[in-house]
Amino acid sequence: MNNVVGVHTQIPPECLSEYTNRSGAPGYKGIGHYPDIGAKYQIGRCVNGENNELDGTLAAHISHGFHGAAPVFYACVEEIDKNPHMTHWLLYNEPPIWEERVLNGFVAFNQELIRLFRLRYPNKKILVGAINTGHPKLVTEDGGRQMDVISRAMEYADGYSCHAYHPLDLRSDVEVLLCRYRHLHNYCVSVGRPHPPFFILELGIDAPGGPWHGHYGWREVLKENWPLYRDMLIFAAQEFAKDDYVVLATIYLTHPSYDWIGFEINCDQMM
């Protein structure tokens, strides 16, 4: 099996390079710290006040379409410039596409973001999307509107990114949660619209109501049962391997800051 599952890091673990080499994972995703381990996909997610998805700033920028892209892009330039070894960049996270204003501005915002990125960084690659688990809506739910918007927004991008969580067991509700991206792929095929490679850049157990920004991670939900979680992650890897357009998935999370420790997998577990 061709393994596409790597890890998502905040503070990179000492074993990151060894894990990547041993597992055959093609890369990793980092936030705030970006080690160069020579991987094919070294993905950085820029985080700053202009792309904050929690306080409404990101939604406001996206709602302005074309004109909202520049503040998000230029707020990330310093971070990108300091890390020339990173191959791909994601400049925002989890846009609330269920808001009408965000959906209306999403295509123009992303197309301008891609244009600005290409002009300054012709040798780097940009990902768009970062779509929450359980989205986009299925065609049967909204007539394909969200899928149409997302498929047009990712045109000319180097990749589409999304998240895949389950509140209890990754092996359940596979087509609805873990592999919901397949519906978007099938939509693109049905309308004759090519899409870039897919990146599942947050993967794991996530239940509502917990202490970590309102979430419970696998440590609480599965009561620290690592063998059970490992089996779920192996299952996920096997599912992703069925789809050749999925090129990387990253487990959330290694070496997190304190406020996400319920999601942590450590080096002993990784190896």
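How far apart should the ends of helix H3 be, given its 14 residues, and how far apart are its end C-alpha atoms? Point 1 has the answer, after a word on the model.

This is a predicted model, in which local features need pLDDT of at least 70 and side-chain atom pairs count only at pLDDT 80 or more, while totals for chains, interfaces and linings use all residues. Residues are numbered from 1 along each chain as its sequence is written, and side-chain values use heavy atoms, with hydrogens and water left out.

1. **The span of H3.** Helix H3 covers residues 69-82, and at 1.5 Å a residue it should span 20 Å; the end C-alpha atoms are 21 Å apart, which agrees. The expected span here is 1.5 Å times one less than the number of residues. Helices (H or I, at least four residues) and strands (E, at least two) are DSSP runs, numbered from the N terminus.

2. Buried means under 20% relative accessible area, exposed over 50%, and partly exposed in between (1.4 Å probe, protein chains only). An α-helix has 3.6 residues a turn, so residues three or four places apart point the same way.

3. **His61, in H2.** His61 sits in helix H2 (residues 57-63) and counts as buried because its relative accessibility is 13%. Beyond its neighbours within four places in sequence, His61 is in contact (heavy atoms within 4.5 Å) with Glu50, Gly68, Pro71, Val72 and Phe109.

4. **Aromatic pairs.** The whole structure has 19 aromatic pairs. Rings of Phe, Tyr and Trp (its six-membered ring) pair if their centres lie within 6.5 Å; planes under 30 degrees apart count as stacked, over 60 as edge-to-face and the rest as tilted. Tyr181 and Tyr245 make an edge-to-face pair, at 6.0 Å centre to centre with 75 degrees between the planes. Tyr181 belongs to helix H7 (residues 181-190) and Tyr245 to the loop between helix H9 (226-240) and strand S10 (246-254), so this pair ties together parts that are 64 residues apart in sequence. Both Tyr181 and Tyr245 are buried.

5. **A stacked pair.** Trp218 and Tyr229 are stacked, 4.9 Å centre to centre and with 20 degrees between the planes. Trp218 is in helix H8 (residues 218-221) and Tyr229 in helix H9, so the pair ties together parts that are 11 residues apart in sequence. Trp218 is buried, with a relative accessible area of 0%, and Tyr229 is buried at 0% too.

6. **Phe198 and its cluster.** Tyr160, Tyr181, Phe198, Phe240 and Tyr245 form one aromatic cluster. Phe198, found in strand S7 (residues 198-205), is buried with a relative accessible area of 0%. Apart from neighbours within four places in sequence, its contacts include Met154, Leu184, His185 and Val247.

7. **Pocket and cavity.** On a 1 Å grid over the protein atoms alone, a cavity is a set of points where a 1.4 Å probe fits but cannot get out, and a pocket is an open set with protein on both sides within 12 Å along at least five of seven lines; lining residues have an atom within 4 Å of a point. Grid points are joined across faces, edges and corners, and a volume is the space filled by probe spheres set on the points. The largest pocket has a volume of about 770 Å³ and is lined by 29 residues, with Glu53, Leu54, Asn93, Glu94 and Trp260 nearest its centre. The largest cavity, of about 60 Å³, is lined by 13 residues, and His135, Cys162, His163, Arg180 and Tyr181 lie nearest its centre.

8. **Backbone details to look at.** A cis peptide bond joins His135 and Pro136, with omega about 0 degrees. Tyr156, in the loop between helix H6 (145-153) and S6, has a positive phi near 75 degrees and is exposed at 57% relative accessibility.
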